[in-house]
Every structure is written in C-alpha cells, then in structure tokens.
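Good morning, and thank you for coming.

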Amino acid sequence: MSKSLDIIIRALEPDDYLDLATIFSGPNVLDGSLHVPFPAQDVWRRRVENPDTETPRLVATIDAMVVGVISLEIGEGRRRHAGDLELAVRDDYQGRGIGAALMAAIIDLAENWLGLSRLEIVVFTDNTPAITLYKRFDFAVEGTLRNYAYRGGKLVDAYTMARLAPALA
C-alpha cells in the first residue's frame with residue numbers, strides 16, 4: 001500500500017522559480033507542453049517575479065517542494081466568462097494525485113470565486129494520462145488542431161477541450 005501524499009495547494013511565490021525550472025526540465029513535461037528544452041533558471045525567475053496579476057497561478061507542494069503548477073488565464077471583453085488552463089506536474093510525481101488536486105482547486109477558484117462558466121485547455125492527442133484527468137473533471141474534446149506544434153522533430157496534433165460550469169452544462 002502506498003503512502004498518501006500530503007499535498008498543499010497555494011499561490012505561486014517568487015521563491016518557487018527553481019522548482020518550476022525543475023518541473024519544466026522533465027522529459028514528460030516538455031513533451032506535453034509548448035516549452036523548449038534548456039531554459040536558463042533566470043528565465044523562470046523573471047517569469048515568477050513579474051507575474052500577470054490577472055492570471056491566477058497555483059502550485060502543489062509536498063514537504064515544501066513545488067511539484068506541480070496550474071495557471072488560469074482569464075479572457076477579456078466578450079470572453080471574460082472563459083479561462084485557459086495550463087497544468088504541469090513534475091515527472092517523478094505524475095500519477096500520484098497532484099494534477100487532480102490542482103484541477104479541483106483551480107475549478108473551484110474559477111467557478112465559485114471568479115464566476116467563470118467555461119474553462120479550456122489544449123492537450124496533445126497522445127497525452128493519454130492528461131486527457132483522462134481532464135475528462136474526469138468533465139472536460140470534453142471539442143476539436144482537433146492538426147499539426148498544432150513542433151515536437152521532437154515533427155508536427156503533432158492537439159485537442160481543444162473545454163468544461164462548462166455545471167449550471168450551464
């Protein structure tokens with residue numbers, strides 16, 4: 001029997017940049033994101049020190065170490081009801097409930113505190129664990145983006161997925 005993890009969800013803080021650099025250097029995270037290999041730690045420091053205050057960013061920590069991150073970019077104007085999500089979990093912590101904890105927290109924030117009625121996420125079509133997680137939180141595939149991004153020497157497809165707040169579903 002595996003020991004349950006004591007996952008703490010909190011806001012991203014400036015001192016978290018080294019942990020973010022570690023998260024986004026993992027091969028699984030790189031394959032599932034639009035980030036490129038080998039970013040300098042200073043790139044992450046600048047991103048964390050100068051955040052967009054309109055974009056909530058939450059992290060999951062275990063023993064004070066950041067092992068996952070999720071951001072919510074809120075739409076503008078006539079898209080103010082919608083938010084775009086980006087989620088990453090450190091390679092060696094994937095499949096242990098961190099992504100689910102982050103998704104639950106950001107959905108609660110988006111729907112119950114910010115009044116958003118639509119959440120969107122883009123995921124590569126071969127990222128089965130992520131797709132399974134998103135479907136668990138009532139995200140549905142809305143379309144396929146063919147040749148969406150360059151990865152590992154070739155163009156790959158991605159799905160657009162969305163969740164409508166239960167009152168509107």
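I begin with Val 122, which lies in strand E5, residues 118-124; helices (H or I, at least four residues) and strands (E, at least two) are DSSP runs, numbered from the N terminus. This is a predicted model, in which local features need pLDDT of at least 70 and side-chain atom pairs count only at pLDDT 80 or more, while totals for chains, interfaces and linings use all residues. Residues are numbered from 1 along each chain as its sequence is written, and side-chain values use heavy atoms, without hydrogens and water.

Val 122 is partly exposed, at 38% relative accessibility; buried means under 20% relative accessible area, exposed over 50%, and partly exposed in between (1.4 Å probe, protein chains only).

Beyond residues up to four places away in sequence, Met 103 touches Ile 70, Leu 85, Leu 87, Leu 133, Tyr 134, Phe 137 and Phe 139, where contact means heavy atoms within 4.5 Å.

Where is Asp 16 found? Asp 16 sits in the loop between strand E1 (8-11) and helix H1 (17-23). Asp 16 is buried, with a relative accessible area of 5%. Apart from neighbours within four places in sequence, Asp 16 is in contact with Arg 10, Ala 11, Val 59 and Val 66.
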